[in-house]
Amino acid sequence: MKETSQRLLGKVALITGASRGIGAAIAKRYAKEGAQVILIARTTAGLEDVDDFIRKNSNGNSQATLLPIDLKNFEEIEKIGPAINERFGKLDIFVANASQLGNLTPIREIDTRSWQNLIDINLTANLYLIKTLSPLLLRSDAGRALFLTSGVSGGRAYWGGYAVTKTALEAMVRTWSEEMAKTKLKINLINPGGVRTEMRASAYPGEDPKNLPRPEDITEIFVKLAETDCEIHGKTVNAQ
């Protein structure tokens, strides 16, 4: 990694869905900016790949803390806050990136098991994360919580469960941000737009990925909103 101004030096950041795509890109950028990163995903191998990149590009001076967790296991999520408190004593940044697309199909044809899976991952897991992490974020001198949303929020034909859960996520995050308005905690939503990821390819199989930005091309907004002097709160920000 090239030398930077280390804009997140000394920060502790948790990123979900960090084994690939946008989550992995955020993790690498945060580490480059001096943060200690805690990475959550289901796939241990993917998390290890991100950690290897961070170690290699920091000359061994930085490494990630890996938490291979299935976010449908809410009991395990409840343990995350206490574990971070015991290990680091604080949490400054939370990036809720993990989500699943589900099948693109008419509403009437959605499989109910798939529907519940989308609700569990895209919505309910984030509620549990808010509950377990908010005490740590509120103790931080500059707590920051960032949630990824989508342009299909509000509803789009055939996007069914994904659109519904992103809409509900936005409502939950806006509610929490209003509740936290008088604290130092800043909470925002980020719409990444079309990005060269596996999820995007699944949704638009005929699209040429070369016409889309790479995940690492949109990480600047995640740094800006995580900085100590950022006063933006309760907003939806476009990454592009």
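Reader: In this chain, what share of the contacts between residues at least 6 apart in sequence joins residues at least 24 apart?
Author: The model is predicted, with local features needing pLDDT of at least 70 and side-chain atom pairs pLDDT 80 or more, whereas totals for chains, interfaces and linings use all residues. Residues are numbered from 1 along each chain as its sequence is written, and side-chain values use heavy atoms, without hydrogens and water. A contact here means heavy atoms within 4.5 Å. Of the contacts between residues at least 6 apart, the share joining residues at least 24 apart is 73%.

Reader: What percentage of the residues is buried?
Author: Buried means under 20% relative accessible area, with a 1.4 Å probe and protein chains only. Of the 240 residues in the chain, the buried ones make up 50%.

Reader: How are helices H4 and H5 oriented where they pack, and why?
Author: Helices are DSSP runs of H or I of at least four residues, numbered from the N terminus. H4 (residues 112–139) and H5 (residues 160–179) pack with axes 8 Å apart, at an angle of about 20°. Axes are lines fitted to C-alpha atoms over the stretch in contact, with angles from 0 to 180 degrees between N-to-C directions. Because angles under 35 degrees count as such, H4 and H5 are roughly parallel.

Definitions and conventions
Helix = DSSP H or I, 4+ residues; strand = E, 2+ residues; numbered from the N terminus. Parallel < 35°, antiparallel > 145°, perpendicular 65-115°, else oblique.
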